[in-house]
Amino acid sequence: MPSEGRCWETLQALRRSDKGHLCYHRDWLLRGEDVLEECMSLPKLSSYSGWVVDHVLPHMQENPPPSETSTSPRSTSALDQPSFVPKSPVRDPAFSPASSATPNGTKDKHESQHTEPMVLQSSRGIKVEGCIRMYELLHRMKGAEGLRQWQEEQERKVRALSEMASEQLKRFDERKELKHHKEFQDLREVMEKSSREALGQQEKLKAEHHHRAKILNLKLREAQQQRLKQAEQERLRKEEGQIRLRNLYALQEEVLHLSQQLDSSDQHRDLPKVDLSAFRTRGNQLCGLISGIIRATSENGFPTAEEQAVAERALQEMRDLLVDLQQEIARACEDRRRQDEEEARVKRQESQVRQGPEVRKEPPASRQGPGGKLNEDLQVKVQDSTMQWYQQLQEASRQCVLAFEGLSNSKDSQAKKIKMDLQKAATIPVSQISTIAGSKLKEIFDKIHSLLSGKPVQSGGRSVSVTLNPQGLDFVQYKLAEKFVKQGEEEVASHHEAAFPIAVVASGIWELHPKVGDLILAHLHKKCPYSVPFYPAFKEGMALEDYQRMLGYQVTDSRVEQQDNFLKRMSGMIRLYAAIIQLRWPYGNQQEIHPHGLNHGWRWLAQILNMEPLSDVTATLLFDFLEVCGNALMKQYQLQFWKMILLIKEDYFPRIEAITSSGQMGSFIRLKQFLEKCLQRKEIPLPKGFLTSSFWRS
């Protein structure tokens, strides 16, 4: 139908109109209900729609645009589709009010002529409006779909944002919880660390407390030990002081006794060349010296070792003074006897001249045999003063043994170890003494002196000191003196040259430590009583073995050693004694006198010549003694020494020969040849092995 084609033309015209260029928004439904009401009201054609159809559409049909002509069939076909064009026309009372209101037919006919086109126009308008509505519906549906999609997109975004916010909230909560846990963990670690530090500080304080307590206990123990040591030292000092005091009283008693002997020599005042006043004056001075020492001791408490040494030297000088006096008296008596003999010989010659040649000469008294006058003057017992001196030395040795009895008999392993270390430290250096270089000998001396001085020394890879035990010093002094004598008994007996290095060390130690010297003499006198000289007497009830031990023999399982071995040991000890009395330690104080010098050797020689000789023993000891220190005695006493040698040759040799059997003449012959050779040369040679100045420079 032409009207259907015009609908699309109308639409095209509307599209090209100003309203057709208007923009329709998708959210027009949201503007309000008034807009919706206009859309929902029934469509109405404008009063100008007919004029448009009559006047505009024909001109458009005559010159249709190519695009519209080409598209109209499609549009027509589109409008002809049942879905867009209604099958029955819409009958709306609003579009036909004239027909219902016309009263007459003319008017109705005229109106019908005009009404039919109106109806047609209304139908096309309806279609147009329907198309417009359909177009708007499509746009609305499209807008609704877009809106729905947009809403869904927005909801999806909202959900995504909500989920993201929820996840972020969860992460925030987790981070917050993690931070909380971390802070709690850090706080707990800080608390645990503080607790550990507190426990460590507490343990440290506890350890320091234990350490301080241990140190205090050690100091307390050391103080207690020091107090006990001081108490023990004080006790020992008092005991030693008492011993020295008793010895001092004994020395004073002996000096007074010797002084009485000097005074009793007034009976020899008529002897020529004997000045008794000088001896008596010196004796009184010595008595006053000892009395002054005793007075000073009574003020100070106990005598010191130096005072005792001074008193002993005074006693020894008193003894030497008495010996010298006796020798002077003996020489004076001998001179008087010879003078009397000469006078008697002259008288006999005169009487022989008067009486005739038949009277024969009588032998001189000096050539009498062992049963003569000299034999009657000799004695077997030792002098009382010498015996008292011997007993004092033995008593000092016994007191020393008692002083370290606790250490010696201790069963404690530590005490035994200390005792063994001290014994090794004291004896090993003495065993190392030989004819070595002087520098090595000085090292040995310094080591022994350091040990006795309380300084630590190295022995067996360990540090040893006498201060480790309160009785250590007494023990070391005793063992050291014992070892010196044992070296003389063994080493010197086998190698005579060893007597001098051993003796010079012993002499130096004796000078610095007088107690060691006294113990050396005590050991020497006990093992070799002939060094006193002392001939022990056999007592009733005494066992033969005990008596043989007193004589110096070694008895093992009731078997007595051989005589040769006995003489060899006695010879070694006498040689050591003879070397000690003449040697001084070269590095000591040379201004001090020798603690046991040559005057004791002179006393020993004089006393042994005043005693009855012993078979094989006296000759051996005299030879060893004179061979070792004869040169020193010769330089010291000069003319008196040679008088002594002549006395031995002329008066003592016959006595030795008288008691010596034919099988024991070896020692006698050796002594006789030695003295005869010395008398021929008028000199006693230096002994073999004597320490010269070159020895100390090596």
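These are my notebook entries on a predicted model.

**Overview**

I started with the whole chain. The protein has 698 residues, and buried ones make up 37% of them. I counted up the secondary structure next and got 23 helices and four strands.

**Cores**

Which residues have the most contacts inside the largest nonpolar core? I noted V505, L605, F625, L626 and F641, in a core of 105 residues. Helix α20 (residues 617–637) gives this core its largest share, 13 residues. Apart from that core lies another one, of 19 residues, and I wrote down F279, L286, C287 and I294 as being among them.

I then looked up the partners of F625, leaving aside neighbours within four places in sequence. F625 is in contact with I574, Y577, A578 and I581, and also with G601, W604, L605, G630 and L633.

**Helix α16**

Helix α16 covers residues 514–527, which is 14 residues. From its first C-alpha to its last I get 20 Å, close to the 20 Å expected at 1.5 Å a residue. I listed its buried residues too: V516, G517, L519, I520, L521, A522, H523, L524 and H525.

**L576**

Is L576 buried or exposed? L576 counts as buried because its relative accessibility is 3%, and the cut-off for buried is under 20%. I placed L576 in helix α18 (residues 563–580). Skipping residues up to four places away in sequence, I see L576 touching F484, V485, G488, V492, A499, I502 and A503.

**Surface patch at L138**

I found a nonpolar surface patch of about 270 Å², made by L137, L138 and M141. L138 is in helix α6 (residues 105–263). I noted for myself that an α-helix has 3.6 residues a turn, so residues three or four places apart point the same way. L138 has a relative accessible area of 48%, so I put it down as partly exposed: exposed would need over 50%.

Conventions:
Residues are numbered from 1 along each chain as its sequence is written. This is a predicted model: local features need pLDDT of at least 70, side-chain atom pairs count only at pLDDT 80 or more; totals for chains, interfaces and linings use all residues. Side-chain values use heavy atoms; hydrogens and water are left out. Patches are made of residues with over 30% relative accessible area and no salt bridge: like charges are joined within 9 Å, nonpolar side chains (Val, Leu, Ile, Met, Phe, Trp, Tyr) within 5 Å. Accessible areas come from the Shrake-Rupley method with a 1.4 Å probe; for residues, only the protein chains shown count as cover. A salt bridge is a side-chain nitrogen of Lys or Arg within 4 Å of a carboxyl oxygen of Asp or Glu. Helices (H or I, at least four residues) and strands (E, at least two) are DSSP runs, numbered from the N terminus. Buried means under 20% relative accessible area, exposed over 50%, partly exposed in between (1.4 Å probe, protein chains only). A nonpolar core is a set of buried Ala, Val, Leu, Ile, Met, Phe, Trp, Tyr and Cys residues joined through side-chain atoms within 4.5 Å. Contact means heavy atoms within 4.5 Å. The expected span of a helix is 1.5 Å times one less than its number of residues.
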